[in-house]
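Take a look at the sequence and structure below.

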Amino acid sequence: MSVFGSSHFGLPRMRPLSSKRSHVVSVLDIGSTKVVCMIARLTPRQESQVLPGRTHNIEIIGIGHQRSRGVKSGVIADLDAAESVVRLAVDAAERMAGLTVDSLIVNVSAGRLASDVYTATIDLGGQEVEAADLKKVLVAASQQSLRQDRAILHSLPTGFSLDGERGIRDPLAMFGDELGVDMHVVTAERATLKNLELCVNRAHLSVEGMVATPYASGLAALVDDEVELGCAAIDMGGGTTTISVFAEGKLVHTDAISLGGHHVTTDLARGLSTRIEDAERMKVVHGSALMNSGDERDVISVPPIGEDDRDQPTQVPRSLVTRIVRARIEETLELIRDRIQKSGFSPIVGKRVVLTGGASQLTGLSETARRILARNVRIGRPMGVSGLPAAAKGPAFSTAVGLMIYPQVADMETHASQSGLMASLGSGNGRLARVGQWLKESF
């Protein structure tokens, strides 16, 4: 299925999971550092106090991950290289699961993710709110967000109002004169999504749905109280850092900046004149965002950049490595702080921040984040999933696990262009548009 053939404006929409039967779901996390494919069996579960938003138990039956090639800051930079990595990751997961995959849920972290809130109201005439009224106001809100150059990834109602009374969660069967809704819409550039879909299609696979990386990470790493009270999930990846804000059980804001763990590695490689692989190893083994008293005395051996055997490794104090790492980490965290402040959701986030993603594992990062963001910070790992190998239980796999959780919450979304032809007929003011509107409402 083509992402852009399904309807004029929208992406393919995931059908809600049946609560009575099992499903096999496959996901693909295309990142700047690694590409992960996971295949899982989702089985219906009873309502529980633990993770009450989940409708299914997730058991991972296949996983494959490869070092990423051809992807830069979440954007496909080399189609051939990216396609071969996707093939290898999917093939490894298929072999482990013992089944073949033809469609996948894919993450999106590039394409200048934008987050907007649209408001719409309809007249009820003092009548009871019916399902048709809800659908009408939701479609009216999401139709405001349709744009030719951007595709809608998510369209989530964040709250309803009746006669100006805000904060109503479910107005169905209530009485009033005017029904309103606030709709949070996440969009991305169409060209970026087309290239992402092309990369997957070239590996003879189809895209079942696309999910914004910050939404997926938040679904995997946040606990219910955080989602309810208001919290920011910050996914620090290799090429991008994404921010999502949740409140009252819903995603209310997303943002992304093109800085990540790989920028720390390149800073080290430039500052110490060493190869990228050696800089990465030094970052993992010796890198820290906090200065220690013994850093001036500890000496690290830096391999030379050339191939000549006569070149001797240079000796540098550990404090130099820490200074280089800390400068980039502080810049990234200050940008995150400013973005949260600028978004207007700072009061909703309150004191709660969860760091996740591969780059969040850097030594001393949570302490530095606590100081710069002036908030309580914890490292978030994917929760509520069985069958994950020990190596995949860390923060680096939050997005992939979040993509598994997404089908369970996909029915919360409303999209204006759910019926292709009808949607395009219904937009506009001409006679054909009115006929389209009548057809949509009647059938």
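In strand 6, isoleucine 105 is the bridge partner of valine 27. Strands are DSSP runs of E, at least two residues long, and helices are runs of H or I, at least four long, both numbered from the N terminus. The model is predicted: local features need pLDDT of at least 70, side-chain atom pairs count only at pLDDT 80 or more, and totals for chains, interfaces and linings use all residues. Residues are numbered from 1 along each chain as its sequence is written, and side-chain values use heavy atoms, without hydrogens and water.

**The sheet.** Strand 1 (residues 23-30) and strand 6 (residues 103-108) run parallel, joined by 2 bridges. Two strands pair if DSSP finds at least two bridges between them. An open sheet of 6 strands has the order 11-6-1-2-3-19, with mixed pairing. Strand 11 (206-212) and strand 19 (385-386) are the edges, each pairing on one side only.

Contact means heavy atoms within 4.5 Å. Angles run from 0 to 180 degrees between N-to-C directions, with axes fitted to C-alpha atoms, for helices over the stretch in contact.

| Helix | Strands | Angle to strand 11 |
|---|---|---|
| Helix 3 | strand 1, strand 6, strand 11 | about 140° |
| Helix 4 (residues 213-221) | strand 6, strand 11 | about 75° |

**Helix on helix.** The axes of helix 1 (residues 79-97) and helix 3 (residues 190-202) come within 8 Å and cross at roughly 55°. The crossing is right-handed, meaning that the near helix is turned clockwise from the far one by less than a right angle.
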